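Me: Please pick one part of this structure and take me through it closely. I'd also like to know what lies around it, in plain words.

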Amino acid sequence: MSTLKKVLAEKIAAHRPRTTRLAKEFADVSLGESTIGQAIGGARGIKCLVTDISYLDPMEGIRFRGYTIPETFAALPKVPGSDYPYVEGFWYLLMTGDIPTMEQTLEVVEDWKSRSQVPQYVIDVLRALPRDSHPMVMFSSAILAMQRDSVFSNNYAAGKFNKMTCWEDMYEDSTNLMAKLGPIGAYIYRMKYKGDTHIDADPDLDMGGNFAHMIGQSEDYKNVARMYFILHSDHESGNVSAHTTHLVASALSDAYYAYSAGINGLAGPLHGLANEEVLRWTQNFMAKLGGELPTEEQLKEALWATLNSGQVIPGYGHAVLRKTDPRYTSQREFCLNTEGLKDYPLFKLVSMIFDVTPDILVEQGKAKNPWPNVDAQSGVIQWYYGVTQYEFYTVLFGIGRALGCLPNITWDRALGYAIERPKSVTTDMLEAAAGIK
Ligand code: AMX
């Protein structure tokens, strides 16, 4: 058994009595009541999910297993010659809550390599889809196609379901899936945008480095990939992709069914597609100006025109955050510290948008959070390095998001979380509760 799985088994055994005690002795303790506004308004703020993988404070932003983004980057073992950590070490952290040693990290690196071969039938599925299908359709289809190999579902069908040990099958499925997502993303990218020519994995590289290599990117982009996947991994469990994955898994559906569904949620413009929308908005705007940077007045006009036409400013606002997203700040610092990128016109425009948009959103008076989220900054980095196919950006997000969603559903199984089933009411009942009927 790998060190990671052994440590995970110990953590699970130590954690189980806490959840069991809470459910048995304190089940009636209230976490707050729900209102009509919350029932109509997307369940915003209702506390009815549990996760220990990450926590999102509205003012501070995300902490992964208790670590802020800078603390996470500082604490994890770094890829030799790089300022950025191994994605594999981050996976160890999210799974167990422990910062791994270099040795433990390298064990995960080897484990993923041994599981990373994409089956030929997945390639066949990808090739059978119309080539102009959105890359998220391809990504989700590839994940779903692999369900036939699910350890959990195959054991379940063989009558081998055991509530106490089934987390191990979920762990195996999650690891098998995670190890293949980078290569699948790279295959989609090269098939769609690089003349259907493909690059084999380099056995000497880590997951992030290999993704950069397999899409045909530069040495510098390896750090971009590592940073990007880690930053997009987890944002506690109420967001659409994480919640969908958890919800589907709660029916004892396996990791493939669950994460394919999560990816479909990530594909929406209010969620993961926003990074594509940000680049489209910004590029269209620059094209109208003949490639020149706008004046502040021109920029304000364009932002108001977007709002007045009933659209949202992509990359701004958040359901939970009430300040600038630290994932935005982290990527902004990467731009400011990277020669060439800090003076790049598109980055300058993104910075100008950052300077004027919050005031405009405040003046409009609708958005509860006028500050930028992760998506406002990520596309410009991709564009700078030559990943200019912005419909692909959400696939990058989807590879990263699996780092959070899959440990979450492994723990869901370990702690025996119930099938999810919130209660519905009718509009008549709401009107009765409001005293207007
Ligand atoms: N531009 C214009 N209007 C906005 C806005 C924005 N960026 N953000 C919120 N609003 C509007 C909402 O549309 C809503 O209007 P309505 O009352 O007419 O329906 C009103 O402000 C109140 O919304 P809210 O409570 O502040 O936000 P929310 O929790 O309902 O939605 C989010 C959050 C992210 C969907 C929203 O801010 C938004 O649409 N942002 C732009 C899209 C985006 O960047 N999405 C990515 C989010 C991060 C991620 O998941 N990747």
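Reply: Let's start at the ligand: sorted by class, its shell has 10 nonpolar, 8 polar and 4 charged residues. Here Ala, Val, Leu, Ile, Met, Phe, Trp, Tyr, Cys and Pro are nonpolar, Asp, Glu, Lys and Arg are charged, and the others, Gly among them, are polar. That makes 22 residues around the ligand, with Ala274, Val312, Gly317, Ala319 and Lys368 the closest. A residue counts as near when its C-beta atom, placed from the backbone, lies within 6 Å of the molecule.

Keep in mind that this is a predicted model: local features need pLDDT of at least 70, side-chain atom pairs need 80 or more, while totals for chains, interfaces and linings use all residues. Numbering runs from 1 along each chain as its sequence is written.

Now for the part I'd pick, helix α17 (345-364). Helices here are DSSP runs (H or I, at least four residues), strands are E runs of at least two, and both are numbered from the N terminus. α17 has 20 residues and reaches 28 Å from first C-alpha to last, close to the expected 28 Å. That expectation is 1.5 Å times one less than the number of residues.

Which residues of α17 are buried? They are Phe347, Leu349, Val350, Ile353, Thr357 and Leu361. Buried means 20 or more other C-beta atoms within 10 Å of a residue's own, exposed means 12 or fewer, and partly exposed is in between, with C-beta atoms placed from the backbone. An α-helix has 3.6 residues a turn, so residues three or four places apart point the same way.

Those buried residues of α17 pack against α14 (274-288), α15 (296-308), α16 and α18; a contact means C-beta atoms, placed from the backbone, within 7 Å. Just past the helix end, Gly365 takes a positive phi of about 80°.

Let's visit two of those neighbours. In α16 (residues 326-336), the buried residues are Arg327, Tyr328, Ser330, Gln331, Arg332, Phe334 and Cys335. They pack against α17, and also against β2 (61-64), α3 (69-75), α11 (219-231) and α18 (375-384). Over in α15 sits Ala302, which is partly exposed because it has 19 C-beta neighbours inside 10 Å. Ala302 and Trp281 are 21 residues apart in sequence, and their C-alpha atoms are 9.8 Å apart.

Most residues other than glycine have a negative phi.

Finally, zoom out. The chain has 20 helices and 2 strands, and 42% of its 437 residues count as buried. Its radius of gyration, 22 Å, agrees with the value near 22 Å for a compact globule of 437 residues. That radius is taken over C-alpha atoms, and the globule rule is 2.2 Å times the number of residues to the power 0.38.

Notes:
Two residues are in contact if their C-beta atoms, placed from the backbone, lie within 7 Å.
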